[in-house]
Amino acid sequence: MASDALRIERQTRDALTCWKIGLGDAELLVAEQGAQLLSYGRRGEKPLIWLSEEAAFQAGQSLRGGVPLCWPWFGDLSRNPAAVRDLHPDPAQAPFHGLVRNLPWQLEEIRSEDGAATLEFLTRPAEGLEGWPPGLLPRLSLRLDGRLSLTLSSHNAGSRSLALSQALHSYLPVGDIARASIPALDGCRYLDTLDDWAERRQQGPVTFTGETDRIYLDTPALLELHDHAWGRRICLEARGSRSAIVWNPWIDKARRLSQFADDAWQGMLCIETANVMDDAVELAPGETAAIGFSLWSEPL
Ligand SMILES: O=P(O)(O)OC[C@H]1O[C@@H](O)[C@H](O)[C@@H](O)[C@@H]1O
């Protein structure tokens, strides 16, 4: 029988410091850099988070897989709403997916209470980092109990109102992308970034037959990824989010991606819990906003 004792192990993987946390039969690995969750699963079961077999544990470079944090803007800043674009003097030159995914974060605390373990990570802006609004502070909380929950909160300790976009860029494993679907997005509006950002409406479940890179809007809180190859559903329940990105690079883009095997697109996809486009966050001075998800699996 699994022990409920908390297991904590600090590891050095090439250039990165990581923490392996176990509780009962659940185990996760998180890198201090980017506060990036790298793996999560339960003993004897398939993983619930995908990490590239080519992931590079290098300083200053986000690892391919896990849950990179896109903050305080998602994707190409120049495609964001005007209030978010205002964060940076030159949106066209701003780094893709924001500023924090390859910054050092500090593990501030590990707590264990009521059968749950919680890790809190903080980071502060590096000197000279353009686009970081004065006084905006992110915090990532990772909670392990029967499920895994991530919460990214942003506190505006500055004196001006500001807007931000963000995403918890979850890479999820599937047995076969051709036999995976997301039924709960049926009927949602989406922007197809591969077709000049045309707005469309999802008809039926999302399925995958080619490169897919879409921003879904007005999304329901609970998205289930049905994996018919592995006979399970991955449940992703969002908090503080009404938008989601669904991404699979397919064959050609897979060849161009860093830290990504040519055939890896067959066994993964991203469902990113987000605040993007008209779901971007506005924060008055003194306010805090939080986005998060809980993740678990059930038989299909
Ligand atoms: O290679 P990156 O910067 O990690 O981005 C990966 C993908 O992230 C997704 O969120 C975007 O929608 C894709 O367009 C992008 O390719």
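## Ligand contacts

A polar side-chain atom of His97 lies 3.0 Å from an oxygen atom of the ligand. In the side chain of Arg101, an N or O atom is 2.9 Å from a ligand oxygen atom, and for the side chain of Asp213 the corresponding distance to a ligand oxygen atom is 2.5 Å. The protein covers 85% of the 390 Å² of accessible area that the ligand has on its own; such areas come from the Shrake-Rupley method with a 1.4 Å probe, and for residues only the protein chains shown count as cover.

This is a predicted model, in which local features need pLDDT of at least 70 and side-chain atom pairs count only at pLDDT 80 or more, while totals for chains, interfaces and linings use all residues. Residues are numbered from 1 along each chain as its sequence is written, and side-chain values use heavy atoms, with hydrogens and water left out.

## Shell and pocket

The ligand is surrounded by Arg64, Phe74, Phe96, His97, Arg101, His169, Asp213, Ile245, Trp247, Lys253, Leu257 and Glu272; a residue is near a molecule if one of its heavy atoms lies within 4 Å of it. This shell divides into five nonpolar, two polar and five charged residues. The nonpolar class holds Ala, Val, Leu, Ile, Met, Phe, Trp, Tyr, Cys and Pro, the charged class holds Asp, Glu, Lys and Arg, and the others, Gly among them, count as polar.

The space taken by the ligand is the largest pocket. A pocket is an open set of points on a 1 Å grid over the protein atoms alone, with protein on both sides within 12 Å along at least five of seven lines. A molecule sits in a pocket if more than half of its atoms lie within 2 Å of its grid points.

His169 lies in strand 11 (residues 166-173); helices (H or I, at least four residues) and strands (E, at least two) are DSSP runs, numbered from the N terminus. At 5% relative accessibility, His169 counts as buried, where buried means under 20% relative accessible area, exposed over 50%, and partly exposed in between (1.4 Å probe, protein chains only). The side chain of His169 makes a polar contact with the side chain of Glu272 at 3.4 Å. A polar contact is a pair of N or O atoms within 3.5 Å; within protein, one must be able to donate a hydrogen and the other to accept it, and residues adjacent in sequence count only if both atoms are side-chain atoms. Both His169 and Glu272 belong to the shell around the ligand.

Arg101 is in the loop between helix 1 and strand 6 and is partly exposed, with a relative accessible area of 21%. Arg101 and Pro299 are 198 residues apart in sequence and 33 Å apart in space, C-alpha to C-alpha.

## Backbone geometry

Most residues other than glycine have a negative phi, and most peptide bonds are trans. A cis peptide bond, with omega about -5°, joins Trp71 and Pro72. Pro72 is in the loop between strand 5 (69-70) and helix 1.

Asp114 and Trp250 each have a positive phi without being glycine: about 50° for Asp114 and about 60° for Trp250. Asp114 is in the loop between strand 6 and strand 7 (116-122) and is exposed, with a relative accessible area of 79%. Trp250, by contrast, lies in helix 2 (residues 250-256) and counts as buried at 16% relative accessibility.

## Other positions

Ser149 is found in strand 9 (residues 148-156) and is buried, with a relative accessible area of 12%. Its side chain makes a polar contact of 2.8 Å with the side chain of Ser294.

Pro104 occupies the loop between helix 1 (82-85) and strand 6 (106-113), and is exposed at a relative accessible area of 55%. Pro104 and Leu236 are separated by 132 residues in sequence and 27 Å in space, C-alpha to C-alpha. Leu6 is in strand 1 (residues 6-13) and counts as partly exposed at 25% relative accessibility. Between Leu6 and Glu27 there are 10.0 Å in space, C-alpha to C-alpha, and these residues are 21 residues apart in sequence.

Notes: On a 1 Å grid over the protein atoms alone, a cavity is a set of points where a 1.4 Å probe fits but cannot get out, and a pocket is an open set with protein on both sides within 12 Å along at least five of seven lines; lining residues have an atom within 4 Å of a point.
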